[in-house]
Amino acid sequence: VGGTMDFSGANVERLNRMIMLNIRATTLLSRLMVPELMKNREAYVLNVSSMAGFYPVPYKSVYAASKAYIYSFSLSLSEELKGTAIRVSVLHPGPMVTTADIARRLEKHSWIARKSVLPVQKVARIAVRSMFKNRPVIIPGFLNRLFYRLMQVIPAGYILPVLSKNISREIA
């Protein structure tokens, strides 16, 4: 659950649904499944974050924060479960066209953002293949990996205005 919105005018129920799914459901389902998964010779957990989970994103503040939670939670859980049969991976896809509304919103983004869009089926193949290779962090797509590296070295003060300008186009 995501979306682009001005936080001050966001629908409270929509924000609650986002938090409930992205944070609460991920946490509680993991907690309920781990004891069962430990009974297996091999077991895998694949949590889905987002490229937005690596840095703050204006107009997607709750979404980005909830995906940052999934990233942190997954890496922490992976470390806790070392020495068990369970391997935890976290997927960070970039934008994907999953609905007509998302396709419409993505058309308003810069050309480079549109170039980072990958087909859902390709992301799924990469995710499953990488999970079985025990990769803890999965970032599909060359441009997404490049953006990730850039975000690690460019201060947020420079990135946030660019993100804000680009993403605000969706709600303009």
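# Note on a predicted model

1. Met 18 counts as buried, because its relative accessibility is 1%, and buried means under 20% relative accessible area, exposed over 50%, partly exposed in between (1.4 Å probe, protein chains only). Met 18 belongs to helix 1, which covers residues 12-37. Helices (H or I, at least four residues) and strands (E, at least two) are DSSP runs, numbered from the N terminus. In sequence, Met 18 and Val 62 are 44 residues apart, while their C-alpha atoms are 7.8 Å apart in space.

2. This is a predicted model, in which local features need pLDDT of at least 70, side-chain atom pairs count only at pLDDT 80 or more, and totals for chains, interfaces and linings use all residues. Residues are numbered from 1 along each chain as its sequence is written, and side-chain values use heavy atoms, with hydrogens and water left out.

3. The overall layout is as follows. The protein has seven helices and three strands. Read from the N terminus, its elements run α-β-α-β-α-α-α-β-α-α. The protein has 172 residues, and 39% of them count as buried.

4. How are the strands arranged, and in which sense do they pair? The three strands make an open sheet in the order 1-2-3, with parallel pairing. Strand 1 and strand 3 (137-138) are the edge strands, each pairing on one side only. Two strands pair if DSSP finds at least two bridges between them. Strands of a sheet pair through backbone hydrogen bonds, either parallel or antiparallel.

5. The pairings can be followed strand by strand. Strand 1 (residues 43-48) is joined to strand 2 by six bridges in the parallel sense. Within this pairing, Leu 46 is opposite Ser 89 of strand 2. Strand 2 and strand 3 also run parallel, and two bridges join them. Val 90 has Val 137 of strand 3 as its bridge partner. Strand 2 (residues 86-91) is mostly covered, with five of its six residues buried.

6. How many salt bridges does a search of the whole structure find? The search finds three, where a salt bridge is a side-chain nitrogen of Lys or Arg within 4 Å of a carboxyl oxygen of Asp or Glu. One of them links the side chains of Lys 39 and Glu 36, at 3.2 Å from N to O. Lys 39 counts as exposed because its relative accessibility is 64%, whereas Glu 36, at 42%, counts as partly exposed.

7. Another salt bridge joins the side chains of Arg 41 and Glu 42, at 3.5 Å from N to O. Arg 41 has a relative accessible area of 74%, so it is exposed. Glu 42 has a relative accessibility of 44% and therefore counts as partly exposed. The side chains of Lys 82 and Glu 79 also meet in a salt bridge, at 3.2 Å from N to O. At 57% relative accessibility, Lys 82 counts as exposed.

8. Two surface patches deserve a look. Patches are made of residues with over 30% relative accessible area and no salt bridge; like charges are joined within 9 Å, nonpolar side chains (Val, Leu, Ile, Met, Phe, Trp, Tyr) within 5 Å. Lys 122, Arg 125, Arg 129, Lys 133 and Arg 135 gather on the surface as a patch of positive charge (Lys and Arg count as positive, and the charge is placed at NZ of Lys or CZ of Arg). Among these residues, Arg 129 sits in helix 5 (residues 120-132). Arg 129 is partly exposed, because its relative accessible area is 45%.

9. The nonpolar patch on the surface consists of Phe 142, Leu 146, Leu 150, Val 153, Ile 154 and Tyr 158, which together have about 620 Å² of accessible area (Shrake-Rupley method, 1.4 Å probe). Which helix gives the most to the nonpolar patch? Helix 6 (residues 142-153) does, with four residues. Val 153 is in helix 6. Its relative accessibility is 65%, so Val 153 counts as exposed.

10. Tyr 59 is not a glycine, yet its phi is positive, about 70°. Tyr 59 is placed in the loop between strand 1 and helix 2 (61-80). With 29% relative accessibility, Tyr 59 counts as partly exposed. Asn 134, also not a glycine, has a positive phi of about 60°. Asn 134 lies in the loop between helix 5 and strand 3. Asn 134 counts as partly exposed because its relative accessibility is 39%.
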